[in-house]
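The following paragraphs lead through the pockets, a helix and a sheet of the structure shown here.

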Amino acid sequence: MRILELCCSPGVGGLELYVDKSSRWLTRLGHQCINVVGGENFLAGRLRQSGFEPIDLQRRSRRLPLREARRLARIIDEQDIDIVHMHWGDDLLLAVLGKRWARRPVRLVYTRQMALTRAKKDFYPRFLYRHVDRFLSITEKLRQQAVAFLPMPAEHIQLLYYGVPAPQLSDTASRRSLRAEMGTDDDNIFLIGSVARIEEQKGQHLIVEAVRRLREDGLPVEAQIIGPAMDAAYLEGLRRKVAALGLAQAIRFPGPHPNPQGVMPAFDVLALTTRMETFGLVLAEAMRAGVAVIGTDAGGVPEIIEDGQSGLLFPPEDGGALASQLKRLIDDTALRARLAAAGKTRADELFSEEAHYGRLAALFGELTAGLGDE
């Protein structure tokens, strides 16, 4: 198949990384991927690093991208495209017009990563979604929202959980050496890991609060808050609070890491403290790495973590509840080991990258069967 991956998003995050990863995986499975992006941005750079030459379709208008849609239609025809796989909601009109104006019959698949909050069933959405052949949601909750809110047949709205890779661990990397690299030499230290963009809605302040509470109770706890600072003022506020609490040696901010999954075995627990996360990719990564996980009881996280079975949940914005759940894992090493083992089994079955892209490619194959007869 010849697959056009369409994403004009100027963002820097999971959506854009998924486009890059999809292109690499589908190519590995024997398909040809053509990438269309919206200018010289983060995604364009990532795709070039992966060996692709993205086509720049920088948009002059988000509301009425007529010129860009005609060019997209030409690309579909000239490149003999079978599938247009889109990801960013703002590209929907562009993709629909490109599909309609192309001479070549093509299927349109929309992978949605963000929650839907309201019904979209008036004339304009009906026009758009009539041309979407499949709507893929990354959680069951999002699938139910789409069935309720979108003017599409329910059978055209399908669940496809995200996939994450098996951890790539160095043969020489041990838990002790990984912890030593992070400045935690004492095996008795309970090390909390956080891997996320540093911004208020990701909730790193809750980890600071939980560590404060636990250390006041005399528990040997430290935290590594890994990730890029998307909100410099928020990070500075965290640093000031940590210093004021006398926790500078216990809570560290090492910045982004090139292979966060590779260092996760150093953690005793991986905590996702986001106010509301549509999925929670980092949880699945930690689970596949054999690390116990804690996440907020909101969004798509409860679909990843079965509370008390494959991890623990706590209410959003509740630092006291987070500290209580962490204390359970500190006090009960058997529980921690059981949750980590069950989480790994669950993630390997439901959230593996291999299975995800096998299912995606199979779906594309089903949609394109008989296309040449149209």
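A pocket, on a 1 Å grid over the protein atoms alone, is an open set of points where a 1.4 Å probe fits, with protein on both sides within 12 Å along at least five of seven lines; its lining residues have an atom within 4 Å of a point. The model is predicted: local features need pLDDT of at least 70 and side-chain atom pairs count only at pLDDT 80 or more, whereas totals for chains, interfaces and linings use all residues. Residues are numbered from 1 along each chain as its sequence is written, and side-chain values use heavy atoms, with hydrogens and water left out.

The second largest pocket is lined by 17 residues, and Gly89, Leu92, Lys120, Tyr124 and Leu128 lie nearest its centre. Its volume is about 390 Å³, a volume being the space filled by probe spheres set on the grid points, which are joined across faces, edges and corners. Helices (DSSP runs of H or I, at least four residues) and strands (runs of E, at least two) are numbered from the N terminus. Helix H5 (123-129) is among the elements that supply at least two lining residues, and H5 has the largest share, 4 residues.

The largest pocket holds about 1700 Å³ of space. Of its 48 lining residues, Gly13, Gly14, Leu17, Arg197 and Leu281 lie nearest the centre. Helix H1 (14-28) gives the most to this lining, with 9 residues; helices H2 (42-49), H10 (260-263) and H11 (281-288) are also among those supplying at least two residues each.

Among the buried residues of H1 are Leu15, Tyr18, Val19, Trp25 and Leu26, buried meaning under 20% relative accessible area with a 1.4 Å probe, protein chains only. The buried residues of H1 pack against strands E1 (2-7) and E2 (32-37), among other elements, and against helix H15 (353-368). Just after H1, Gly30 takes a positive phi of about 100 degrees.

E1 and E2 belong to an open sheet of 7 strands in the order E3-E2-E1-E4-E5-E6-E7, with parallel pairing. Strands E3 (55-56) and E7 (157-159) stand at the edges with a single partner strand each, so one side of each is left without a neighbour in the sheet. Two strands pair if DSSP finds at least two bridges between them; E1 and E4 pair in the parallel sense over 4 bridges. The bridge partner of Glu5 in E4 is His85.

Note on methods: Buried means under 20% relative accessible area, exposed over 50%, partly exposed in between (1.4 Å probe, protein chains only). Contact means heavy atoms within 4.5 Å.
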